[in-house]
Amino acid sequence: MVVDGVLVDEVVLITVLSACTHLVVGMTGQLIHALAIKAGIELYINLQNALIHMYSICGELVAAEKLFSSACTLDLISWNSMISGYLRCGEVEKARSLFDSMPQRDTVSWSVLISGYAQRDRFADALALFQNMQLEGIQPDETILVSVISACTHLSALDQGAWIHAYIRKKQMKVNVILGTTLIDMYMKFGSVPNAMEVFRAMEEKGVSTWNALILGLAMNGFVKESLATFSEMKECSIVPNEITFLAVLGACRHMGLVEEGRRHFDAMSRKHGIEPTIKHYGCMVDLLGRAGKLTEAEELIANMPVPPDVSTWGALLGACKKHGDNVMGERVGRKLVDLQPEHDGFHVLLSNIYASKGSWDNVHEIRGMMRQHGVIKTPGCSMIEVKGTIHEFLAGDKTHPQSEDIEKMLDDMAKKLKMEGYAPDTREVLLDIDEEDKETTLFRHSEKIAIAFGLLTIDAPTPIRIMKNLRICNDCHMAAKLISRAYDREIVVRDRHRFHHFKQGSCSCLDYW
């Protein structure tokens with residue numbers, strides 16, 4: 001058009017700038033900017049907004065800032081585009097400063113910053129900004145609600161997440177696929193399976209992501225039979241499964257050791273559905289075989305994989321070696337992993353534990369020396385519990401909480417009741433060269449036991465005590481939680497690094513397979 005000498009106008013340039021933005025071709029965008037100046041139309045506000053947006057998306061923040069600060073006229077789109085540009089480039093504080101200085105804001109303004117906070121893992125800031133929005137009487141849209149619900153999920157803030165769900169119902173807002181799936185994911189990650197099922201059943205439209213969230217959530221919470229039945233129902237509804245669906249299905253099989261069913265679904269991926277397994281699917285199969293004690297078969301699968309195994313796949317095998325006491329394979333795999341990823345604390349700890357279980361203290365000290373040499377610090381066990389909208393965090397042996405004296409008394413009461421229930425500490429979990437009495441004391445100060453004690457003090461029955469743990473729950477804490485649920489007639493839900501454990505009347509939803 002330019003070569004033919006046809007005059008360009010604002011509409012044409014905005015359209016071409018949109019193309020530059022989508023293709024992230026900043027150099028071409030600059031040429032269009034020069035053409036606008038030559039045509040004498042660069043000051044048109046719609047064109048300036050398109051330029052600010054293009055420069056922001058292409059990472060040319062200085063050019064975007066220059067246009068924004070020199071503009072004679074700015075509208076809401078100008079401000080929102082600049083805030084979005086800052087967030088895209090990681091300039092969160094600049095985005096917040098600009099947001100605070102806006103003469104007026106619309107829903108998009110709030111949405112951009114709240115979503116930006118959530119995407120940058122600033123979940124507490126996202127929730128705080130959402131509360132400010134409520135105070136100003138601005139009604140959130142679906143995008144904002146998705147970001148805020150995700151923030152609640154990451155912060156383990158069930159009460160606030162449930163309040164937002166109640167708000168959606170009160171305002172009779174339409175729950176679309178993305179919002180509904182986010183709600184299901186939140187409730188499943190809090191162990192609130194009935195609430196997740198309620199959301200699923202009420203949704204008029206369900207996407208494959210919705211079914212995936214339900215299948216995965218049911219499996220994580222120990223409802224493996226229901227999870228696999230949902231997969232069958234999904235296919236009956238003519239919903240085509242994808243890669244994530246099969247990750248969820250294989251995950252369900254590994255949670256209960258359903259080796260044959262897992263093999264069947266793994267084979268059906270490519271044979272029936274034309275989906276080639278990825279490294280994650282192979283990792284699921286290795287974990288499934290390893291947990292079931294089929295260590296040799298798991299190692300053979302790794303050797304014959306069409307893709308190079310990653311550290312997570314080897315890590316699944318190492319964990320299985322530790323679980324089933326195969327110290328020979330465990331040592332071999334552990335040494336490989338420590339060499340592959342010397343900065344990973346978990347692999348060092350597992351290998352150290354394997355040596356400790358054999359009484360090979362020289363090798364334990366060697367591994368700990370390697371950790372110090374590489375600056376590797378073991379991730380401390382941390383448990384979180386929400387009480388009346390406030391998140392409380394506890395580390396192992398923690399005595400810093402304002403109610404620590406009451407917690408200590410409750411721990412003593414728990415110890416007495418546990419002994420009456422026949423509890424004997426599993427001191428194998430404390431792989432240190434110390435005497436048995438010290439091991440028992442160390443065990444009873446694990447972070448989840450402290451969180452349970454705090455929950456018994458502060459959460460009235462029949463409300464479940466819900467705890468989030470950053471690491472996998474140990475055998476001793478698992479046994480103790482089962483007995484505590486019976487001794488105190490309380491439901492305790494623990495979400496560890498891999499799955500949920502619903503403790504009730506002395507039993508666990510995982511059926512002691514995890």
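Biologist: What share of the contacts in the chain between residues at least 6 apart in sequence join residues at least 24 apart?

Modeller: The share is 63%, where contact means heavy atoms within 4.5 Å. This is a predicted model, in which local features need pLDDT of at least 70 and side-chain atom pairs count only at pLDDT 80 or more, while totals for chains, interfaces and linings use all residues. Residues are numbered from 1 along each chain as its sequence is written, and side-chain values use heavy atoms, with hydrogens and water left out.

Biologist: How many helices and strands does the chain have?

Modeller: The chain has 26 helices and six strands. Both are DSSP runs numbered from the N terminus: helices are H or I with at least four residues, and strands are E with at least two.

Biologist: Why are H16 and H17 called roughly antiparallel?

Modeller: Helix H16 (residues 259-273) and helix H17 (residues 279-291) pack at an angle of about 165 degrees. Axes are lines fitted to C-alpha atoms, for helices over the stretch in contact, and angles run from 0 to 180 degrees between N-to-C directions. Angles under 35 degrees count as roughly parallel, over 145 as roughly antiparallel, 65 to 115 as roughly perpendicular and the rest as oblique. H16 and H17 are therefore roughly antiparallel.

Biologist: Which residues of H16 and H17 meet?

Modeller: Val-259, Gly-262, Arg-263, Phe-266 and Met-269 in H16 meet His-281, Tyr-282, Met-285, Leu-288 and Leu-289 in H17.

Biologist: What makes H5 and H7 roughly parallel?

Modeller: Helix H5 (residues 76-88) and helix H7 (residues 107-119) pack at an angle of about 5 degrees, and their axes are 10 Å apart. By the cut-offs already stated, H5 and H7 are therefore roughly parallel to each other. The contact involves Leu-76, Asn-80, Ile-83, Ser-84 and Leu-87 of H5, together with Val-108, Ser-109, Val-112, Leu-113 and Gly-116 of H7.

Biologist: Why does the span of helix H21 agree with its 13 residues?

Modeller: The expected span of a helix is 1.5 Å times one less than its number of residues. For the 13 residues of H21 (residues 345-357) this should be 18 Å, and the end C-alpha atoms are 18 Å apart, which agrees.

Biologist: What makes H21 mostly covered?

Modeller: In H21, 10 of its 13 residues are buried; buried means under 20% relative accessible area, exposed over 50%, and partly exposed in between (1.4 Å probe, protein chains only). Among them are Phe-347, Leu-351 and Tyr-355. The buried residues of H21 pack against helix H19 (311-324), helix H20 (327-340) and helix H22 (361-373).
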